[in-house]
Amino acid sequence: MKPFDIELAKAGYPVCTRDGRPVRILCFDRKSVDGYSILALVDEGNREIFIAYTSRGKFSNHEKDDDPYDLFVASVKKEGWINIYENGSTSKAIYPCKEDALDCHDPVGYITTIKIEWEE
């Protein structure tokens, strides 16, 4: 998880609570006198609860550092394919599918093509 960034959230990046629950943001511009401009639904398993947040993604205006309902930008799992060679090197690119990696492999010293996964 990354600290909450309202611009990333507006751009469509997934958002979650500090303890990993998925969040659906309904709006970022609620007219409010108390500073709670973000309205969101937090997934509680069999239901969603409605919560208002500050523009910094805080559940409480008291800015408590570790509230489990605070917002974060969720990690996005990515995957791709690379080619492995005898000298320990790999392909320069990460390919979106195995077929693309195989189409681009150098036959000299080629060992195999593997799937890799990472989080951003």
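User: How many aromatic pairs does the structure hold?

Analyst: This is a predicted model, and the structure holds three aromatic pairs.

User: What describes a pair of aromatic rings?

Analyst: A pair of aromatic rings is described by two things, the distance of the centres and the angle of the planes. In this model, Tyr53 and Phe59 form a pair with 6.5 Å from centre to centre and 65° between the planes, and this arrangement is edge-to-face because planes over 60 degrees apart count as such.

User: Are Tyr53 and Phe59 buried or partly exposed?

Analyst: Tyr53 has a relative accessible area of 0%, so Tyr53 is buried, whereas Phe59 has a relative accessible area of 31%, so Phe59 is partly exposed.

User: Why is the pair of Phe59 and Tyr69 called tilted?

Analyst: The ring centres of Phe59 and Tyr69 lie 5.2 Å apart with the planes at 35°, and the pair is therefore tilted. This pair links distant parts of the chain, ten residues apart, with Phe59 and Tyr69 each in the loop between β5 (48-53) and β6 (71-73). Tyr69 counts as partly exposed, because its relative accessibility is 21%.

User: Which residues form one aromatic cluster?

Analyst: One aromatic cluster is formed by Tyr53, Phe59 and Tyr69.

User: Which charged end sits over the ring of Tyr69?

Analyst: The charged end is that of Arg21, which sits over the ring of Tyr69 at 4.3 Å from the centre of that ring.

Notes:
Residues numbered from 1 in each chain as written. Predicted model: local features only at pLDDT ≥ 70, side-chain atom pairs only at ≥ 80, totals over all residues. Heavy atoms only, no water. Phe/Tyr/Trp six-rings, centres within 6.5 Å; stacked < 30°, edge-to-face > 60°. Buried < 20%, exposed > 50% of the residue type's maximum accessible area, 1.4 Å probe, protein only. Helix = DSSP H or I, 4+ residues; strand = E, 2+ residues; numbered from the N terminus. Lys NZ or Arg CZ within 6 Å of the ring centre and 35° of its normal.
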